[in-house]
Amino acid sequence: MSASRLLPLVFLSVLSLLTVLGHLYLYRRLVRDTSADPRWRRVAGGIVWGLGALMLGSAVTARLLPPSGLRPLFFLGWAWMAAAAYLLLTLLLLGAVLLLARLASRGRSKAPAPEAAQPQAVASEERRQFLARSAAGGALLVTGGFVGYGTWRSFHRPVVNQIAVRLPGLPKALDGFTLVQLTDIHVGPLIQRRFMDAMVEQCNALKPDAVCITGDLVDGSVQALGPSVAALSNIRTRFGQYFVTGNHEYYSGDEEWAEALERMGITVLRNRHVSVGEPGASFDMVGVDDWAAQRTGASQRYDLDRALEGRNPERASVLLAHQPANWRVAAQKGIGLQLSGHTHGGQFFPFTLAVAAIWEHDAGHYEENGRHLYVSRGTGFWGPPVRVAAPPEIVQVTLLAS
């Protein structure tokens, strides 16, 4: 079986297992421990397992565009993924605290007399149920707060992060040249034309000289998402828009999307470079295919050497690469600035901590020996429509002559 078919099956298997185990725990803590009433357990248990099934179904059909009447269900399924994560985390923490408290209490208490054992057991059961209900209520309140804020943050206007980069070899005539980076927009079932129009308006307000789209633009086919992505045609720049593939383009049809974007007037850089600027003052815009494309069996994969072929290494250069990988190698080959995304900065806490542990360069601006890397948290979101401690961003980069 090819890697392109095996990876989705592995993802689905792992997600299914985690879904079942997680919802078994949620059923126990939120339903079984809070009441012995069989009607409560049937109704509340049905809701928990129904949400789990909806979440799994939303993840499996992530690249399908549901009919408008079913989009609220799709939204609920994805939002429940974040809610379930916060519920699990909160309940596990509260459970650990209660366990430590019980152990400490047992260490201080003496065994009861036989005649007092039964009343004490009843009181202990009532106390256990009270604590279970309190923990469940507290977890629901905490989760509601995080998910409510995170959902608002996801669909609210991205923040604009402005940085200035001294680019080696940049002609004096281009000092102050501005790039706007958009990445990880993930146009799909939840992000559509309305979001795109607002993003384009915000981008145009920055009056960029050029716009760079560093992958994961879409989750779906050209036929389904073309009308929403066409909003990019309304971006106004002096020197055009440039696009490189992300891993999600390979799931959605990388060749079809490359052709569609070219028809929209966007320059697609697949392991090649072009000159940007005026004939007497310019720099090289270099683009590579996604780093992970080699695992999909795609015909076009990350090839930095091919992208740099024929380029004068003394010229100023900006590399567009979806993942913040291979940066130091690119810098050694003359790249002055690499713009990347992919990590989403973790998208929402506590996954922000996990991503920071996994990726050496997870979000923000990095510099070594006068060479630069900027890793954007992304302009949209993938999966759960939640952003906590990792707000979406549009990046404005001002290039300075050295």
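1. Leu-217, in this predicted model, is in contact, once its neighbours within four places in sequence are left aside, with Ile-185, His-186, Val-187, Val-229, Leu-232, Phe-243, Glu-249 and Leu-261.

2. Leu-217 also belongs to the largest nonpolar core, which holds 56 residues, and it is listed with Leu-182, Ile-185, Val-187, Val-229 and Leu-232 as the members that touch the most other members. Helix H3 (residues 71-108) supplies the largest share of this core, namely 10 residues. Because domain 1 (3-105 + 122-153) and domain 2 (159-401) both give residues to this core, it lies between them.

3. Another core lies apart from that one and has 27 residues, including Phe-177, Leu-179, Phe-283 and Leu-399.

4. Turning to the open space, the largest pocket has a volume of about 1800 Å³. Its lining is made up of 48 residues, of which Phe-11, Leu-15, Met-81, His-248 and Trp-382 are the closest to the pocket's centre.

5. Which elements give two or more residues to the lining of the largest pocket? They are helix H1 (3-32), helix H2 (38-60), H3, helix H7 (247-252) and helix H11 (351-358), and the largest share of the lining, 12 residues, comes from H1. Each of domain 1 (3-105 + 122-153) and domain 2 (159-401) contributes at least three residues to this lining.

Methods:
Residues are numbered from 1 along each chain as its sequence is written. This is a predicted model: local features need pLDDT of at least 70, side-chain atom pairs count only at pLDDT 80 or more; totals for chains, interfaces and linings use all residues. Side-chain values use heavy atoms; hydrogens and water are left out. A nonpolar core is a set of buried Ala, Val, Leu, Ile, Met, Phe, Trp, Tyr and Cys residues joined through side-chain atoms within 4.5 Å. Buried means under 20% relative accessible area, exposed over 50%, partly exposed in between (1.4 Å probe, protein chains only). Helices (H or I, at least four residues) and strands (E, at least two) are DSSP runs, numbered from the N terminus. Domain bounds come from an automatic or database domain assignment. Contact means heavy atoms within 4.5 Å. On a 1 Å grid over the protein atoms alone, a cavity is a set of points where a 1.4 Å probe fits but cannot get out, and a pocket is an open set with protein on both sides within 12 Å along at least five of seven lines; lining residues have an atom within 4 Å of a point. Grid points are joined across faces, edges and corners, and a volume is the space filled by probe spheres set on the points.
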